[in-house]
Amino acid sequence: SQYDVAADGSLAPKTPATVAAGDEPQGIVVSPDGESAYVGNEADGTISQYDVAVDGALSPKTPATVPAGAGAREPALTPDGESLYVADSGAGTISQYDVDATDGTLAAKTPPTVSAGTVPLTVEVSPDGASAYAVNINSSDISQYDIAAADGTLTPKTPATQSEAGTFPREIAVAADGASAYVAAAN
């Protein structure tokens, strides 16, 4: 669904009110320059990619989707908009992509995935773009990664996981100053 935001903050549907996405969309992120949007599609393991028009309307890029791992959900971008990561909940991996500087299309990095815990649900990038975190609901831990400055690839930190994540952690957020992280756990 897509909306115009009025001066008072209220929403009104754009025309058209919806755009096609993949099967069972789970999470959307807009690039820092506001020119691209990406949606994780859990059921078909893809990422839908869109151009954002001047009026904010979305239109599919070419190609409209790129493959990700099983259960793709909750994409996250680095602050510079050069790398995108998505949690592959059904595969236990994080897919990682380069974002084309010209047209915003995604291309798999080398390697295309890195290991995560059991059923990663969310990926979050630190405000400085140096670290990424994935919340793993079934292993009740957090995978933690360094983001390479040269190419944006993920490398597990030491230790690779933080086990104090509560029972069934679902979401993680990093504070704007990067000094704290918070996890919402279902139990």
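Let me start with a term: buried means under 20% relative accessible area, exposed means over 50%, and partly exposed is in between, with a 1.4 Å probe and protein chains only. By that rule V19 is partly exposed, because its relative accessible area is 23%.

Before I go on, what kind of model is this? It is a predicted one: local features need pLDDT of at least 70, side-chain atom pairs count only at pLDDT 80 or more, and totals for chains, interfaces and linings use all residues. Residues are numbered from 1 along each chain as its sequence is written, and side-chain values use heavy atoms, with hydrogens and water left out.

Back to V19. It sits in the loop between β2 (11–13) and β3 (25–30). Strands here are DSSP runs of E, at least two residues, numbered from the N terminus. Which residues does V19 touch, leaving aside neighbours within four places in sequence? Q2, Y50 and L58. Contact means heavy atoms within 4.5 Å. A57 is 38 residues away from V19 along the chain, and their C-alpha atoms are separated by 9.0 Å.

Now the inside. A nonpolar core is a set of buried Ala, Val, Leu, Ile, Met, Phe, Trp, Tyr and Cys residues joined through side-chain atoms within 4.5 Å. The largest one has 13 residues. Those with the most contacts inside it are Y85, I94, V123, Y145, I147 and L154. Four strands each supply at least two residues of this core: β8 (83–88), β11 (120–125), β12 (131–136) and β13 (141–147). There is also a second, separate core of 11 residues, including Y38, I47, L84 and L106.

Take L154 from the largest core. Leaving aside neighbours within four places, L154 contacts Y85, I94, Q96, V114, A132, Y145, D146 and I147.

Next, charges. A salt bridge is a side-chain nitrogen of Lys or Arg within 4 Å of a carboxyl oxygen of Asp or Glu. How many are there by this rule? The count is 5. Here are some of them.

One is D51 with K61, at 2.5 Å, N to O. D51 lies in β5 (residues 46–52) and K61 in β6 (residues 58–67), so this pair ties together parts that are 10 residues apart in sequence. Is K61 buried or exposed? Buried, because its relative accessibility is 4%. D51 is at 31%, so D51 counts as partly exposed.

Another joins K109 and D98, at 2.4 Å, N to O. K109 is in β10 (residues 106–115) and D98 in β9 (residues 93–99), 11 residues apart. K109 is at 4% relative accessibility, so it counts as buried. D98 is at 33%, so D98 is partly exposed.

Then K157 with D146, where the closest N and O atoms are 2.5 Å apart. K157 is in β14 (residues 154–162) and D146 in β13, again a link between distant parts of the chain. D146 is partly exposed, at 35%.

Last, pockets. On a 1 Å grid over the protein atoms alone, a pocket is an open set of points where a 1.4 Å probe fits, with protein on both sides within 12 Å along at least five of seven lines; lining residues have an atom within 4 Å of a point.

The largest pocket is lined by 17 residues, and D33, V99, D100, A101 and G104 are the closest to its centre.
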